[in-house]
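This report describes a few features of one protein model. Please look at the sequence and structure below before reading on.

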Amino acid sequence: MIEGNGSKTPKRNSDEISVKSLSIHEANTLSSEHEHESGNEELTLSQIVIRSDFANESSERQSKIILERFNQGIGKNSAFTDSPALGRGLSRVDVSYFVMGHRNQVAELYDPRGQRFSTVLTPDPTVTIKYVGPVSKTAHYFGAYGKHVLNVPAGHYAKAFSKNRPVLYGEGPHVIIDPTFQFDENNGFVNQQEPFIEHSTINILRIPAGKIAKVWIGTQPHILESRRDPYVFVDAQFKLVSPDGAKKAQLFESSSCTFVEHGSIKRIIPHTGEVAITYNNGILTIIPTPKDGKPVIIDSPTHNFEGFISTSLQTCLFPSKETKQQALADNKSALADEINLKIFQTRDSLRVGVVLVVAFKIVDPELAITKLGKEGIINHIENVSFADMGKAIQLSTLQEIMYFNSIKPGQATNDDSVQTIQDRVKSHLARDLFDYGIELSRLQIETMKVLDTEIAKKLAGQSVTSAEFTTKQATLVKEYDIKTTEARLKAETDNIALEQRNKAVISESQAKLSSAQREAEALLITAEAQKKASELQGELYTKYPILAEIELARIKADALKNATLYITPQDAGAFMNSPLVYFDKMINANNVIQQKKN
């Protein structure tokens with residue numbers, strides 16, 4: 001087969017490219033002792049899909065390449081001419097069309113580009129030239145006599161056959177020179193995004209996120225996980241296993257399934273709080289929840305999956321549903337109490353029925369399953385719980401049972417040495433279950449009923465009296481609590497008001513004290529300022545005596561401001577010559593007079 005520029009494509013047959021084994025173990029693997037033979041390297045799309053080498057060229061360039069490759073080897077012996085005078089003239093065709101003809105069944109393409117054209121006339125009787133007709137340049141497929149043009153739409157593959165072997169062509173134009181080439185235009189194109197593309201021995205799987213695929217390659221099973229790149233197989237023995245009646249969107253299994261089995265392969269996902277039970281060649285093997293978050297893959301025909309068992313806390317009511325059904329089957333005329341309750345006899349020969357609540361956790365699944373089996377664990381816990389509880393009830397009177405039943409297990413009593421029946425049974429039962437890998441968390445009598453009618457009525461009367469007494473006591477306690485609360489609230493309110501008044505008085509006193517302190521500080525500052533001013537004034541008068549004289553004159557003037565001066569004619573001349581000197585003499589004379597008086 002020649003494609004494009006005529007280069008031969010490599011042969012692809014199922015014998016050469018068959019896949020014996022895949023590297024799909026992307027999770028924890030528990031393999032059998034027999035390892036499968038390793039096969040050839042895994043295939044990719046680029047190895048099986050024939051790409052177009054001129055898909056990205058311009059339309060003009062693509063047309064030219066198609067003509068060159070389709071007409072390779074024809075040379076000057078063309079069946080067409082652009083001169084109508086040299087041949088049989090034909091009708092014009094649109095520029096978007098080629099025309100096809102053949103010379104002795106050698107096909108040829110011609111591009112008239114909208115011009116007149118004709119087929120060549122020849123006188124040679126051994127040469128046959130015929131006009132086949134126009135073909136669109138964008139047609140998905142056309143060809144004749146072993147020459148073919150395939151235009152694969154974007155996002156599709158073309159499924160064809162060459163030498164009776166399947167081939168896939170990628171998007172874009174292809175020129176194929178191959179007399180054995182076969183293509184069905186109606187069913188030959190397939191979308192590249194199809195989850196499963198099957199073309200004879202070629203198989204392409206695109207597994208969506210959250211899905212897995214179960215496939216067979218010959219007699220070898222495989223579970224394929226989701227990934228970005230598709231899986232490619234070229235093998236006549238390939239088979240995809242899908243649910244019965246599944247559509248395209250349902251070809252795969254959910255990857256979140258806790259258990260998927262395919263041939264000898266088991267894919268297990270134990271959730272938190274549970275473990276998987278398996279038997280490897282008959283030997284119990286417990287598989288815990290993987291810490292890496294990946295599923296566990298077991299590939300062994302003799303390693304069988306049994307189921308899951310919970311290791312988290314479980315709470316059961318006994319008698320169980322199965323026990324009740326068995327009791328009814330054993331005695332069709334049994335009363336409701338005989339079916340729904342486990343009946344025991346007390347030390348004082350009274351019959352009581354009980355319902356137990358048992359909470360437990362399997363801490364050693366291997367030990368528990370080895371000794372009891374998966375289905376026998378609940379039955380064993382129920383049987384030993386009733387056995388221990390029955391023994392304790394038989395050794396106690398009804399009054400003791402009723403008293404102890406009013407106290408919950410583990411609840412403190414006035415006498416620390418006193419244990420309830422439930423506590424005694426629990427301690428014994430816990431030791432017994434521990435030997436089987438089971439941890440007892442709680443044991444409690446959920447329901448207790450006296451089956452003797454007369455005794456039950458008396459107990460009911462006592463219960464009513466006790467209830468009335470309890471109600472009255474509760475009412476009194478409530479009233480006491482209300483009054484105590486009211487008194488406490490009133491005292492708290494009075495204390496708050498007194499505290500607020502005290503705070504107000506303290507705040508007022510502090511304000512007055514602060515004001516007095518500020519006034520004292522102001523007086524001190526004023527006195528200090530006056531002292532400083534006097535010192536500065538003295539220094540100024542010492543440095544400049546004339547200023548002292550001026551100040552003295554001012555003081556004298558202030559002293560005589562409101563005084564009346566009497567100047568005798570004798571002194572008028574002296575006053576007019578020097579008023580200051582005159583005033584000084586007057587003041588000195590006055591001082592002398594004052595001193596004499598004193």
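## A surface patch

I550 is placed in helix α11. The model is predicted, and in it I550 belongs to a nonpolar patch on the surface, together with L540, Y544, I546 and L547. The accessible area of these residues together is about 450 Å². Helix α11, which covers residues 545-559, gives the most to the patch, with three residues.

## A hairpin

Strand β27 (residues 274-280) pairs with strand β28 (residues 283-287) in the antiparallel sense, over five bridges. The two strands form a hairpin with two residues between them. N281, in the turn, has a positive phi of about 55 degrees. N280 stands opposite I283 in β28.

## The nonpolar cores

In soluble globular proteins, nonpolar side chains tend to be buried together. Here, the largest nonpolar core has 36 residues. L356, V358, I377, I381 and M389 have the most contacts inside this core. Two or more residues come from each of β27, β31 (314-318), β33 (351-362), α6 (365-372), α7 (376-394), α8 (398-405), α9 (421-434) and β34 (438-450). Of these, α7 gives the most, with seven residues.

Which residues does L356 contact, leaving aside its neighbours within four places in sequence? The contacts of L356 are C316, L317, F318, S385, F386, M389, L443, Q444, I445 and E446.

Conventions
Residues numbered from 1 in each chain as written. Predicted model: local features only at pLDDT ≥ 70, side-chain atom pairs only at ≥ 80, totals over all residues. Heavy atoms only, no water. Patch = residues over 30% accessible without salt bridge, like charges linked within 9 Å, V, L, I, M, F, W, Y side chains within 5 Å. Areas by Shrake-Rupley, 256 points an atom, 1.4 Å probe, with all protein chains shown as cover. Salt bridge = Lys/Arg side-chain N within 4 Å of Asp/Glu carboxyl O. Helix = DSSP H or I, 4+ residues; strand = E, 2+ residues; numbered from the N terminus. Pairing = 2+ DSSP bridges. Core = buried A, V, L, I, M, F, W, Y, C linked by side-chain atoms within 4.5 Å. Buried < 20%, exposed > 50% of the residue type's maximum accessible area, 1.4 Å probe, protein only. Contact = heavy atoms within 4.5 Å.
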